[in-house]
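Reader: Hello! Could you walk me through this structure, one question at a time?

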Amino acid sequence: MIYEDPLVPSTMQELQDMMAAHAGKFLLAAGGTDLFVKRRGGIGRGVILIDLSGIGDLRGISVRASDNCLEIGAMETMTSVSENPLVIRHARCLAEAASKVGSWQIRNRATIGGNTANASPAADTPSALASLGAEVILVSRGSERRIPAEDISKATGSSEIAPNEIISAFRIPLRENSVSAFGKIGLRSEVSIARLNLAVSAQVSDVMASQITNPRVFAGTLGIPARRCAIAEDVLVQNGFGACGEFCRALAELVDEAIPGRSTQAFKRSAIQALGEDVSSALLSRLKGAVM
Amino acid sequence: MDVHFTLNGENMSAAADSSTRLIDMLREGCGIKSVREGCGVGECGACTVLMNGDPICSCVTPAVQARGCDVTTVEGLETDGELDAIQESFVTNDAIQCGFCTPGMILTAKALLARNPSPSREEIRRSIAGNICRCTGYIPIINAIEAAAARTREENTAPL
């Protein structure tokens, strides 16, 4: 063997000790599905792989009544997130986003924490997490901080995570009478990298959706993993889900602002309006179930 | 480090370093050559194995993550010299041409039928979306999986 032995922590304390002892010389392996694609030629001599799969504290999906939130461990896979009844009930758009990641094989390994940490602008779950108002829990030796999911990556391929930090979990606030939906456009129907994705969540007062509050509209694959569309949110507050044309035009404006002059601008300008129609339609169909 | 795991029902130990992928450990450390490397980036599914019953791409899985796990390759489907119903069905339905994708395709089908004994053709199609075949055009493969499901259901309901 010409490469270093991997390390296999089983607790967060062991992990943090290893990260401190090998600072600057380690790579963290969550599911590995992005790691080994980026490092096809090998991890590199002198680099130590720290495997996160044995740390039980990084797993689990549960409702934390004390914080009125849904907590999802960073090492939960796309399969477990997409099939979990709590996620489907409280964070439908996230379950949908996770179900559209790669193939069945990839969803069985890829993790929600890895998807955020990798900071790909074409990732599927960041826009859903941002639309749900999720917080990312970052832990380092002796400290913990929380940052909004939409703030974790402000530039392509980079994130706000410090070298000594790790994502431990995501916390999604539970909101009454809330609905959410996710849509994605790729070059094919399955095993597709997103050309564009859209996640919307909101609270509604009645089945007619005459009053919408706290809408959160985020698009992915517009330069960064999750880009907010405040104009589209204003349209939802003023006109509800019924004003689909105006909502879609607001989304097209977001494309113009985000990627002016880029070769994909015209395609994405059109595609995001189709996504807007699909997501609006899904939200309308879910209203009845959302309102008590 | 030595990775201890179960391979096709038997205890196994194989060496892995930080750069070793599961496919490398299986092919070079364990002599399992049915696990093929196609794309090497988790898209073609030729490297599919079952880990604790779930299909995964062994070309993008760190070998160290197999420790303590139950890994199944297509060699593990045969029982006392008898092919599994899915393997037989692939043969009788002409679902094999060059054979490169076949082990991965069969393992994905095995996982599907373990969860869903009566999949629709659409469910079969979706489950094998991560297994690319460049020869058959998929129709014989879908036929084979559908037929294997029917045969397995019949066998499970037949009187003893």
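This is a predicted model: local features need pLDDT of at least 70, side-chain atom pairs count only at pLDDT 80 or more; totals for chains, interfaces and linings use all residues.

Reader: What is the order of the strands in the open sheet of chain A?

Author: Residues are numbered from 1 along each chain as its sequence is written, while chains are lettered from A and ligands numbered from 1 in the order in which they are written. Strands here are DSSP runs of E of at least two residues, helices are runs of H or I of at least four, and both are numbered from the N terminus; two strands pair if DSSP finds at least two bridges between them. With antiparallel pairing, the 4 strands of chain A follow the order β8-β9-β10-β11.

Reader: Why is one side of β8 and of β11 of chain A left without a neighbour in the sheet?

Author: β8 (178-185) and β11 (227-228) of chain A stand at the edges of the sheet. One side of each is open because each has a single partner strand.

Reader: Which residue is the bridge partner of A:Phe218 in β11(A)?

Author: Strand β10 of chain A covers residues 212-220 and runs antiparallel to β11(A), with 2 bridges joining them. For A:Phe218, the partner in β11(A) is A:Arg228.

Reader: At what angle does helix α9 of chain A run to β10(A)?

Author: Helix α9 (residues 230-239) lies across β9 (196-204), β10 and β11 of chain A. Axes are lines fitted to C-alpha atoms, for helices over the stretch in contact, and angles run from 0 to 180 degrees between N-to-C directions. Relative to β10(A), the helix runs at about 150 degrees.

Reader: Which element gives the most to the side of chain B that touches chain A?

Author: Counting residues as in contact if their C-beta atoms, placed from the backbone, lie within 7 Å, the contact takes 27 residues from chain B and 27 residues from chain A. On the chain B side, β4 (54-57) and α4 (121-127) each supply at least two residues. The most, 4 residues, comes from β4(B).

Reader: How far apart do the C-alpha centres of domain 1 and domain 2 of chain B lie?

Author: Domain bounds come from an automatic or database domain assignment, which divides chain B into domain 1 (2-77) and domain 2 (85-157). In their contact, 17 residues of domain 1 of chain B meet 14 residues of domain 2 of chain B. The distance between the two C-alpha centres is 21 Å.

Technical notes:
Two residues are in contact if their C-beta atoms, placed from the backbone, lie within 7 Å.
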